[in-house]
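My notes follow in the order I took them.

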Amino acid sequence: MTVDIVRPGFSTTVEALRLRTWQLGSGQPTAVLDQFTDADFKLVVEDRADVHINPRDGRFYLGWFPHGRPGTDGEGWRLAVTGTAKVPGYHASFDTETPVHIVAAAVAAVIATFQPR
């Protein structure tokens, strides 16, 4: 009979323990804002530099708050879609330091469902 002796600890490689690089910092908001057309959406810029975007029917909303949305703890982006009488709406928010490509991907996914009547 043979017995396997298990050594304490764990087995790994130097490569597996190597530090990785992650994108940090918000980036340029144009990656998000350039997804909207003047024909379908209106854009309002406030004196604080906050940007508000919605379509003519008002059921979609995107707000960009470069210095944080007032009354929140650093909310930089607010995305909301109003529901109907039968289906509830939803919202998502991202803080001011969320990389813009993540926000752009979420916005693109929502815009892909937008269908003018």
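I began with Tyr90, which sits in strand S5, residues 90-95. A reminder to myself: this is a predicted model.

Is Tyr90 buried, exposed or in between? I get a relative accessible area of 41% for Tyr90, so I put it down as partly exposed. Leaving out residues up to four places away in sequence, I found Tyr90 touching Leu79, Ala80, Val81 and Val110. I also checked Tyr90 against Phe60, which is 30 residues away along the chain, and their C-alpha atoms are 9.9 Å apart.

**Overall layout**

Next I stepped back to the whole protein. I count three helices and five strands, and in sequence order they run α-α-β-β-β-β-β-α. The protein has 117 residues, and 27% of them count as buried. I looked at contacts between residues at least 6 apart in sequence, too: 34% of those join residues at least 24 apart.

**Aromatic pairs**

How many aromatic pairs does a search of the whole structure find? I got four. One of them is Phe36 with Phe60, a tilted pair at 5.9 Å centre to centre with 40 degrees between the planes. Phe36 is in the loop between helix H2 (30-33) and S1, while Phe60 belongs to strand S3 (residues 60-64), so this pair ties together parts 24 residues apart in sequence.

Phe36 has 12% relative accessibility and Phe60 has a relative accessible area of 8%. The cut-off for buried is under 20%, so Phe36 counts as buried, and so does Phe60.

My next entry is Trp64 with Trp77. Their ring centres are 5.7 Å apart and the planes meet at 25 degrees, so I logged the pair as stacked. Trp64 is in strand S3 and Trp77 in strand S4, 13 residues apart, so the pair links distant parts of the chain. Trp77 comes out at 4% relative accessibility, which means it counts as buried.

I also noted a cluster: ring pairs link Phe36, Phe41 and Phe60.

**Arg78**

Staying in strand S4 (residues 75-81), I looked at Arg78. Its side chain makes a polar contact of 3.5 Å with the side chain of Glu75. Which residues does Arg78 contact, once neighbours within four places in sequence are set aside? My list reads Tyr61, Leu62, Gly63, Phe65, Arg69, His91, Ala92 and Ser93.

Most residues other than glycine have a negative phi. Ala49 made me stop, with a positive phi near 80 degrees. I placed Ala49 in the loop between strand S1 (41-45) and strand S2 (51-55). Its relative accessible area is 34%, so I have Ala49 as partly exposed.

**The largest pocket**

Last, I looked up the largest pocket, which holds about 510 Å³ of space. It is lined by 21 residues, and those closest to its centre are Asp57, Arg59, Thr113, Phe114 and Gln115.

How values were computed:
Residues are numbered from 1 along each chain as its sequence is written. This is a predicted model: local features need pLDDT of at least 70, side-chain atom pairs count only at pLDDT 80 or more; totals for chains, interfaces and linings use all residues. Side-chain values use heavy atoms; hydrogens and water are left out. Helices (H or I, at least four residues) and strands (E, at least two) are DSSP runs, numbered from the N terminus. A polar contact is a pair of N or O atoms within 3.5 Å; within protein, one must be able to donate a hydrogen and the other to accept it, and residues adjacent in sequence count only if both atoms are side-chain atoms. Contact means heavy atoms within 4.5 Å. On a 1 Å grid over the protein atoms alone, a cavity is a set of points where a 1.4 Å probe fits but cannot get out, and a pocket is an open set with protein on both sides within 12 Å along at least five of seven lines; lining residues have an atom within 4 Å of a point. Grid points are joined across faces, edges and corners, and a volume is the space filled by probe spheres set on the points. Buried means under 20% relative accessible area, exposed over 50%, partly exposed in between (1.4 Å probe, protein chains only). Rings of Phe, Tyr and Trp (its six-membered ring) pair if their centres lie within 6.5 Å; planes under 30 degrees apart count as stacked, over 60 as edge-to-face and the rest as tilted.
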